[in-house]
Amino acid sequence: MRIGFIGTGNMALAIIGGIIKNGLVKAGDIIAFDKSEENLKKAVDNFGIVGTRNNIETVKEASVLFLAVKPQFYEEVIEEIKEAVSDSQLIITIAPGKTLKWLEEKFARELKIIRTMPNTPALVGAGITAVTPNKNVTPKDLDLAMDIFNTFGSGEVISENLMDAVVSVASSSPAYVFMMIEAMADAAVLDGMPRAQAYKFAASAVYGSAKMVLETGKHPASLKDMVCSPAGTTIEAVKVLEKEGFRSSLIEAMAACSKKAREL
Ligand SMILES: NC(=O)C1=CN([C@@H]2O[C@H](COP(=O)(O)OP(=O)(O)OC[C@H]3O[C@@H](n4cnc5c(N)ncnc54)[C@H](O)[C@@H]3O)[C@@H](O)[C@H]2O)C=CC1
Ligand SMILES: O=C(O)[C@@H]1CCC=N1
């Protein structure tokens, strides 16, 4: 299996890093082209993958092809590669807003297309990828694709109409979580903690809390209640967070995010 990438920006690098770390394919079996020489060089130098001279060369040599450009460039890239792709190839898309119907219309051919939505924690093997195959993808193709997604976290097949929700809850959300970690660390620094130690404590608390949700199966509210001692410290913080609109800010932000995904 040779895995090709059109575009080696942030998301492609996170996926490539995850795949190589897991060892599913060797770095030499990952091929890519990026129209930015600098970005392609970064991918080749950092991961030892093979850079090609153009997108067509990548398409011709890959059995699985990731379209890893911004949604705004999808149309231009599809126009460029549509004659070169083959019907035995698996085409994997990672752009918000680009529906299977839109993709099939642009390729104007019967092809195997898998629409996905990954996230950057893929880089450390902790990604989650939402997956919707089109009708030409066989169960065997889907198994192969899931093996790839599972190398950098976990893959989950979902109904296509939930893709915009996935963008906001899993693909964009690392940004809000990083902002929260940064703010938590700032507060610890305010209380006198050295900066590096503050990031370690804040990130570890977020990591451990996420693990508790995933592993205990308990309702998040019940886990929150376990932390709030009567007349204790936590409930003082919860009172302020409620007053400042912590939860409604998140809900409003995520609604704006999925609205934007629908518009792309
Ligand atoms: N960054 C993230 O956290 C996530 C990104 N995505 C999606 O992944 C895709 C890529 O996003 P990023 O990696 O963040 O963007 P990016 O801007 O970091 O990377 C895109 C790369 O595509 C290259 N490119 C543009 N036109 C090209 C062409 N015609 N041929 C070859 N290369 C070309 C650019 O030079 C750039 O290196 C987007 O569709 C984005 O919505 C999805 C989930 C998460
Ligand atoms: O911000 C973006 O548009 C991309 C899609 C999901 C995460 N990053």
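Ala, Val, Leu, Ile, Met, Phe, Trp, Tyr, Cys and Pro count here as nonpolar, Asp, Glu, Lys and Arg as charged, and the others, Gly among them, as polar. The model is predicted, with local features needing pLDDT of at least 70, side-chain atom pairs counting only at pLDDT 80 or more, and totals for chains, interfaces and linings using all residues. Residues are numbered from 1 along each chain as its sequence is written, while chains are lettered from A and ligands numbered from 1 in the order in which they are written.

**Exercise 1.** Find which residues are around ligand 2 and how they divide by class.

*Solution.* Take a residue as near a molecule if its C-beta atom, placed from the backbone, lies within 6 Å of it. This gives Pro 96, Val 167, Ser 171 and Ser 172.

**Exercise 2.** Describe how domain 1 and domain 2 are placed and how they meet.

*Solution.* Begin with the bounds, which come from an automatic or database domain assignment: domain 1 covers 3-159 and domain 2 covers 171-263. Their C-alpha centres lie 32 Å apart. Next, counting two residues as in contact if their C-beta atoms, placed from the backbone, lie within 7 Å, one finds seven residues of domain 1 in contact with five of domain 2. The side of domain 1 that touches domain 2 divides into four nonpolar, three polar and no charged residues.

**Exercise 3.** List the contacts of Leu 65, leaving out residues up to four places away in sequence.
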